[in-house]
2 protein chains.
Amino acid sequence: MLLNHGGLKRRSRLMNSIVCKFGGTSVADSEKIKEVVSIIRSDSRRKLVVVSAPGKRFKEDEKITDLLYKCHEEGSRGKPVSGVFSLVKERYNEISENLGIGSKLREILEEIEENIKSGATADYTASRGEFLCALLLAEYLGAEFVDAADIIKLNENGTVDKNTYNLIGERVEKDKSYVIPGFYGSTSDGEIKVFSRGGSDITGALVARGTNASLYENWTDVSGILTADPRVVQNPIPIDRVTYRELRELAYLGASVFHEEAIFPVSEAGIPINIRNTNYPDHPGTTIVKEREVSPFPFTGLAGKTGFSLFYIEKLLLNREEDFISRLFSILRENKVNPRYIQSGCDSLIVVLGTEEIKDRENNLLKALKERLKAEHIKKMGSVALLGAVGEGISKKPEITSRLLNALVDSGLSVSLVEQGSSENSILFGVKEEDYEKSLKALYKVLA
Amino acid sequence: MLLNHGGLKRRSRLMNSIVCKFGGTSVADSEKIKEVVSIIRSDSRRKLVVVSAPGKRFKEDEKITDLLYKCHEEGSRGKPVSGVFSLVKERYNEISENLGIGSKLREILEEIEENIKSGATADYTASRGEFLCALLLAEYLGAEFVDAADIIKLNENGTVDKNTYNLIGERVEKDKSYVIPGFYGSTSDGEIKVFSRGGSDITGALVARGTNASLYENWTDVSGILTADPRVVQNPIPIDRVTYRELRELAYLGASVFHEEAIFPVSEAGIPINIRNTNYPDHPGTTIVKEREVSPFPFTGLAGKTGFSLFYIEKLLLNREEDFISRLFSILRENKVNPRYIQSGCDSLIVVLGTEEIKDRENNLLKALKERLKAEHIKKMGSVALLGAVGEGISKKPEITSRLLNALVDSGLSVSLVEQGSSENSILFGVKEEDYEKSLKALYKVLA
């Protein structure tokens, strides 16, 4: 209790601070790091900095994290690691030389190489990218380096230990600046453990929550979250403000900007997230908030994904069989398949599964479904793409559903699924996989 | 095996016969019965007749079945039954006198009254309406009376015993005419057991199946199945041809023309059903078939019902909880609530329940859901009406969904639910309960 109280007290003191997390491309080389530092210095509230490992400097470049995983792989197969590790060293040497810092870099790099050679874990090896980057940035910035291993505690199953927030709150002091490596933490026995890729977003969120920051800035290489996939739609408008819920829906439906698991720590505490572009620091980016003003046309963004398989199950009066859906779910679970969507009616239902997920078990699954559900028809309806229109309260505006559906129909697209109602904040359409891009473009016209 | 074989042999002999079932209004009095007889005689294939008990002759009249249930109620409460039973007697006396038949009617009526007085079951008492009607019609028609108790065998749980088809097949002979009372059968120990109200439709279906008839005519007081509820839409067009599947969907969604359970026996055997109007015997009515030609605008009919409650359940990442929906269904089952529709997404789902069904247990149910699903939000979204557009393959025509949705939106209606995909043969809309009629009218304009 005392500890918790202490944590809370300290945290309240940092109310007016900003946690800034910089992604891999933002710290890819010394020039980028200079830009990062100028961003940090332009607002005195930016006291808590979380960094990824240096990313790609150009399209064919390799990310430090990828190089480190390669080192571990080579090492674990008994091969020499020096070759790949020298590429890692080169990158950090470039940064330290050009920034005129890193007097101890040489020996730290040697120690890491030694550890990898003596069988360090993949997690430890991969985490060194962020570790080194944070170390150099802290020195250049004149801020204190805090090792994530000391403040971010992970359980064996990868979830964040509850004590993490207290540890963070106790470690940082008011008016001081800190740089913290992203992507990893440590278990109770001190072992380094990493998050999934892109997990520095989570570190930033944990630090923001642990210090009760007023804002969590997530600096990346795009000017916020876009209203649609820029690989499909030309120059989609960025979203100005979006709620956590909308972001979750967009992410679930396929938009990839922000690590999903990074939303919880800050959304629980109501700390806004601001997605910013290191290359255009004056662009306001996208702010993610708990609540926002209701819009008369609540259509915030579009997202979509291919790679779904639609299964149609028909059985007379299936909805009178009390345990029909429970049995269906048991069969899916036994086959380690996670249903993405389900819609049931009186004599039939559809269930949407991930094509990749069922790839090797489709026959077994169909066999089990046929045998145990005793349905008249169980058929795979083919591969579909799912597209969702997201917006707070969008499902209360059927005129939007109507306009979106019209847009698809007018483009001659075959719509196998329409779902409005299961979420207050999204409307879902299923189309043929090959029609994905055409469908997204058609829907985008309604939004733009 | 022998028995089964015998049944099949006989049945094949009746391939070219028609089973005609006449509903209560078609046999309400002697004049009506004369019309029925003229219908039967106009086609020599009409050899198997199933009758309901006499229904209402005018709006304020009472149905024989209702009177008989009253007799049983009075008797079981120790009150005299003669008063109510005299009304029953009057009705049958009118028929027998005007048709010049029923020499034994008096003693049969006395025996029935005696049985009721000595504590006959409600099922026995109610079944006498059909029994007497069939007896009189058989005599007038010069056909053989077959007691349903001898050929329709019911299990204790009310389901039809498998041996029924064989019993029927063995009992009837080629080229002979029969009249069979609808609505009841008997259990293995000879006890009379009735179907649910309107169950004479089932008797007709069982006889059609048991004799392998070429057609099952269902004579009633409407010219077939209408494209929409005539109480809401003015003069809706009757449906010419409809498949069993479409009929099932229409019935499930609220259309009430034909007893749901009466579809299975004939649909399994592919025997068409023809719904006809005794008052307009030349009208072709609606034919219900297994398959029909695919229509370019496959919109067969509309149906709808009020009385649904929509529950919205929101929980972050609920669809990653492998057993979330199974748990939801367990809770519903434990509370004896049968979910009508379910739609699930990533963080939320809706489940549609019958308002009447949850009336007395809504609080318990909500409490159980809240405690055991640990969801952020569980809310009742209010009372809704569900409307469905039905047609073979309608869900493959999103332009119809689009037109229907436009019709609702253009009428300023708030659509809380749109579901296209869960059934190949229907599209579902949820609207506010008070908007039911307005919505049905709006949708009907697309069809008409």
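Predicted model: local features only at pLDDT ≥ 70, side-chain atom pairs only at ≥ 80, totals over all residues.
**Helix packing and a buried serine**

Helix α12 (residues 324–334) of chain B packs with α12(A) at an angle of about 155 degrees, and their axes are 9 Å apart. Because angles over 145 degrees count as roughly antiparallel, α12(A) and α12(B) are roughly antiparallel to each other. Their crossing is left-handed. On the chain A side, the contact is made by Ile325(A), Ser326(A), Phe329(A) and Arg333(A), and on the chain B side by Ile325(B), Ser326(B), Phe329(B) and Arg333(B).

The axes of α12(A) and helix α14 (residues 362–373) of chain A come within 10 Å and cross at roughly 150 degrees. That angle makes α12(A) roughly antiparallel to α14(A). The crossing of these two helices is right-handed. From α12(A), the residues Phe324(A), Arg327(A), Leu328(A), Ile331(A), Leu332(A) and Glu334(A) take part, and they meet Leu365(A), Ala368(A), Leu369(A), Arg372(A) and Leu373(A) in α14(A). The residues of this contact comprise eight nonpolar, no polar and three charged.

Ser127(B) belongs to helix α6 (residues 122–141) of that chain. Is Ser127(B) buried or exposed? Its relative accessibility is 0%, and residues under 20% count as buried, so Ser127(B) is buried. Leaving aside residues up to four places away in sequence, Ser127(B) touches Tyr184(B), Ile192(B) and Val194(B).

Key:
Residues numbered from 1 in each chain as written. Chains lettered and ligands numbered in written order. Heavy atoms only, no water. Helix = DSSP H or I, 4+ residues; strand = E, 2+ residues; numbered from the N terminus. Buried < 20%, exposed > 50% of the residue type's maximum accessible area, 1.4 Å probe, protein only. Contact = heavy atoms within 4.5 Å. Axes fitted to C-alpha atoms, helices over the stretch in contact; angles between N-to-C directions. Parallel < 35°, antiparallel > 145°, perpendicular 65-115°, else oblique. Left-handed = near helix turned anticlockwise from the far one by under 90°. Nonpolar A, V, L, I, M, F, W, Y, C, P; charged D, E, K, R; others polar.
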